[in-house]
Amino acid sequence: MLEKRHFLSVFAVFFLSLLAIPVPGFAHCDTLDGPVVMAAKQALEKGDVTPVLKWVKKEQEGEIREAFQKTMAVRTKGPEAKDLADMYFFETLVRIHRASEGAPYTGLTKGPAEPIIAAVDKSLGTDSVDHVVKHLTAEVAKGIRERFSKTAELRKHSEDSVSAGREYVEAYVELTHYVERLFNDAIGHSGAHGKPDEAGHKH
């Protein structure tokens with residue numbers, strides 16, 4: 001019993017050290033209900049690491065395989081060890097997956113996915129893109145109309161004073177940047193998943 005407690009204590013310290021890495025960011029892949037963790041649960045249930053390998057690059061396979069073997073070994077130490085080992089593997093897999101994309105990672109989170117990501121998952125589940133297209137186009141249209149309406153109204157008074165002109169310019173810049181980001185994403189000029197495009201727009 002003493003040996004088991006010591007083992008769990010050492011493993012817990014190692015696991016918590018992973019959580020202490022301070023890096024900003026959030027994504028659907030960081031959630032406990034996300035596709036990466038779902039693949040990890042499947043792999044642990046089957047005792048086969050294969051389902052998770054698609055989520056990392058080839059050069060990262062070794063690290064994932066090693067973490068998987070350690071996890072499988074620790075899971076046999078009892079319910080407490082199993083829960084701790086599983087979470088360690090989830091954290092390790094998601095962290096490495098995010099790093100492979102050049103994206104930040106702050107740890108796993110609970111809760112529903114963002115609406116648009118949920119729409120993507122729903123569309124994939126039904127083999128029909130209609131749901132995500134409808135959801136996305138509605139939000140895009142709303143965003144453009146709101147910014148355009150505000151900019152058009154301020155433009156009418158942009159020559160009344162310097163301050164009025166500046167208000168118009170601020171709204172104009174926001175509108176053009178918003179539209180440009182959408183357009184660049186649509187034609188494939190966006191940055192990596194979870195990482196904004198560094199090109200930017202210049203006036």
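1. In general, an α-helix has 3.6 residues a turn, so residues three or four places apart point the same way. Please keep in mind throughout that this is a predicted model.

2. Now the wider fold, for orientation. The protein chain has eight helices and zero strands, and along the sequence its pattern reads α-α-α-α-α-α-α-α. Of its 203 residues, 31% count as buried. Take the contacts between residues at least 6 apart in sequence: 60% of them join residues at least 24 apart. The accessible surface of the chain is about 13300 Å², and carbon and sulfur atoms account for 58% of that.

3. On to the aromatic rings. A pair of this kind is described by the distance of the centres and the angle of the planes. The structure holds two such aromatic pairs. In one, the ring centres of Phe68 and Phe89 are 5.5 Å apart and the planes meet at 65°, so this pair is edge-to-face; the cut-off for that class is over 60 degrees.

4. What does the Phe68 and Phe89 pair tie together? Phe68 belongs to helix H4 (residues 61-74) and Phe89 to helix H5 (residues 79-100), so the pair links parts that are 21 residues apart in sequence. Phe68 is buried, at a relative accessible area of 6%, and Phe89 is buried as well, at 0%.

5. The rings of Tyr168 and Tyr172 have centres 6.1 Å apart and planes at 35°, so the pair is tilted. An angle under 30 degrees would count as stacked. Are these two residues buried or partly exposed? Tyr168 counts as buried, because its relative accessibility is 17% and the limit is under 20%. Tyr172, at 35%, counts as partly exposed.

6. One charge and ring contact also deserves a look in your viewer. The charged end of Arg147 sits over the ring of Tyr178, 3.8 Å from the ring centre.

7. Finally, helix H7, residues 130-155. This helix has 26 residues and spans 37 Å from its first C-alpha to its last, close to the 38 Å expected at 1.5 Å a residue. Val132, Gly143 and Thr151 are buried in H7. Which helices do the buried residues of H7 pack against? They pack against helix H6 (115-126) and H8.

Conventions. Residues numbered from 1 in each chain as written. Predicted model: local features only at pLDDT ≥ 70, side-chain atom pairs only at ≥ 80, totals over all residues. Heavy atoms only, no water. Phe/Tyr/Trp six-rings, centres within 6.5 Å; stacked < 30°, edge-to-face > 60°. Helix = DSSP H or I, 4+ residues; strand = E, 2+ residues; numbered from the N terminus. Buried < 20%, exposed > 50% of the residue type's maximum accessible area, 1.4 Å probe, protein only. Lys NZ or Arg CZ within 6 Å of the ring centre and 35° of its normal. Expected span 1.5 Å × (residues − 1). Contact = heavy atoms within 4.5 Å. Areas by Shrake-Rupley, 256 points an atom, 1.4 Å probe, with all protein chains shown as cover.
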